[in-house]
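These are my notebook entries on a two-chain model, taken in the order in which I looked things up. I began with the core, went on to the contact between the chains, and ended with a sheet.

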Amino acid sequence: MENLKNIVIPVNKETPYFPSVEFDYEKGECTLAGESYMEDCYKFYNPLIDWLNAYCERKNSIIFNFKLYYFNTQSSRMILKIFETLMKFKEKGGQVEINWYYYQSDPDMVEEVEDFQRESGLEVNLIEING
Amino acid sequence: MALSINDSSIKLAYKGPFYIDVLSGMAGHLRQMYKLKPITCNRLYKIFFELTQNVAKYSAEMCNLYQHYKYGGIGSFTVEENNNAIRISTTNVIKIEDAPILVKYCNEINSMSVEALREYRSLKRRPQPDPGDSGAYIGIIQIGIITKNKIEWVIEPLSERFSLFTITAKVDIE
């Protein structure tokens with residue numbers, strides 16, 4: 001199977017409702033950062049989930065970093081899909097590390113991530129950052 | 001009693017199409033206003049989008065002026081501060097037949113504890129058997145979880161076909 005092309009979507013101040021994306025095939029590391037409250041979550045996230053599925057067929061470990069400091073509930077459905085994709089990868093023997101960065105000033109995020117853990121069955125490293 | 005725009009407790013208000021860029025700009029303004037109270041500010045920000053994006057998507061009154069926006073629901077919102085709490089309200093037109101569904105749903109959410117709401121949110125964010133499932137309700141569940149307060153709502157008849165739906169979320173200032 002051929003290597004996948006990396007996905008890089010930088011932050012755009014004109015459209016702050018899209019998170020930045022860095023899916024790096026060689027490094028085996030994916031990062032979503034910023035905010036996520038776009039009008040059409042499926043249109044944005046489905047290609048990312050397709051990439052992730054293709055990645056999981058090719059490699060045996062992944063690091064997924066969430067640096068989302070706001071996402072709406074529609075986006076949360078897509079985030080759960082990412083978790084489920086990673087869980088399937090783990091069940092097939094893949095190594096999965098998930099890091100979730102959250103601001104000290106947003107304690108509610110901890111509960112939100114705990115629920116993703118409970119719903120997906122995956123462990124998440126919660127990393128508090130200043131701000 | 002209806003709020004007047006001259007009421008000093010009103011911190012922010014808007015009436016018109018809820019295009020995403022309008023909401024994004026308003027939310028940025030809201031964040032600036034409450035930046036010295038970061039926990040409250042984060043809660044306001046989250047609730048603001050849940051409420052206003054429901055209007056953008058589900059208002060029975062739509063503005064199709066700009067075709068590049070997917071949703072252009074028309075409505076209004078106010079952000080009001082008093083008694084150590086901030087209330088965000090949105091108002092929009094709904095079809096009269098949707099009123100009892102909304103009332104049932106709001107009552108259901110208000111009857112639940114925060115823990116029960118978290119369980120309910122988990123259930124609602126799974127793929128829904130009904131492809132027409134709007135996803136609007138999960139936003140209201142989220143409001144209950146974040147504010148830990150009961151939501152308030154009012155439905156006023158407008159005509160034989162339409163009503164006016166106002167929903168209010170209260171965020172305690174921390």
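This is a predicted model: local features need pLDDT of at least 70, side-chain atom pairs count only at pLDDT 80 or more; totals for chains, interfaces and linings use all residues.

Entry on the core. I looked up the largest nonpolar core and found 60 residues, with A:Leu86, B:Leu44, B:Ile47, B:Phe48, B:Leu51, B:Ile88 and B:Ile141 having the most contacts inside it. Its largest share, nine residues, comes from α2(B). I then followed B:Ile88, which, leaving aside neighbours within four places in sequence, is in contact with B:Leu44, B:Ile47, B:Phe48, B:Leu51, B:Phe77, B:Val79 and B:Ala169.

Entry on α2(B). I noted that 16 of its 21 residues are buried, so α2(B) is largely enclosed by the rest of the structure. I also checked its length: at 1.5 Å a residue α2(B) should span 30 Å, and its end C-alpha atoms are 30 Å apart, which agrees.

Entry on the contact between the chains. I found 21 residues from chain B and 18 residues from chain A in it. On the side of chain B that touches chain A, the largest share, nine residues, comes from α2(B), and the residues of that side divide into eight nonpolar, seven polar and six charged.

Entry on the sheet of chain A. I read the order of this open, six-stranded sheet as β1-β2-β3-β4-β5-β6, with mixed pairing, and the edge strands as β1 (7-9) and β6 (125-129). β1(A) pairs with β2 (residues 20-24) in the antiparallel sense over three bridges, and A:Ile7 stands opposite A:Phe23 in β2(A).

Definitions and conventions. Residues are numbered from 1 along each chain as its sequence is written. Chains are lettered from A and ligands numbered from 1 in the order in which they are written. Two residues are in contact if their C-beta atoms, placed from the backbone, lie within 7 Å. Helices (H or I, at least four residues) and strands (E, at least two) are DSSP runs, numbered from the N terminus. Ala, Val, Leu, Ile, Met, Phe, Trp, Tyr, Cys and Pro count as nonpolar, Asp, Glu, Lys and Arg as charged, and the others, Gly among them, as polar. A nonpolar core is a set of buried Ala, Val, Leu, Ile, Met, Phe, Trp, Tyr and Cys residues joined through C-beta atoms within 7 Å. A residue is buried if 20 or more other C-beta atoms lie within 10 Å of its own, exposed if 12 or fewer, and partly exposed in between; C-beta atoms are placed from the backbone. The expected span of a helix is 1.5 Å times one less than its number of residues. Two strands pair if DSSP finds at least two bridges between them.
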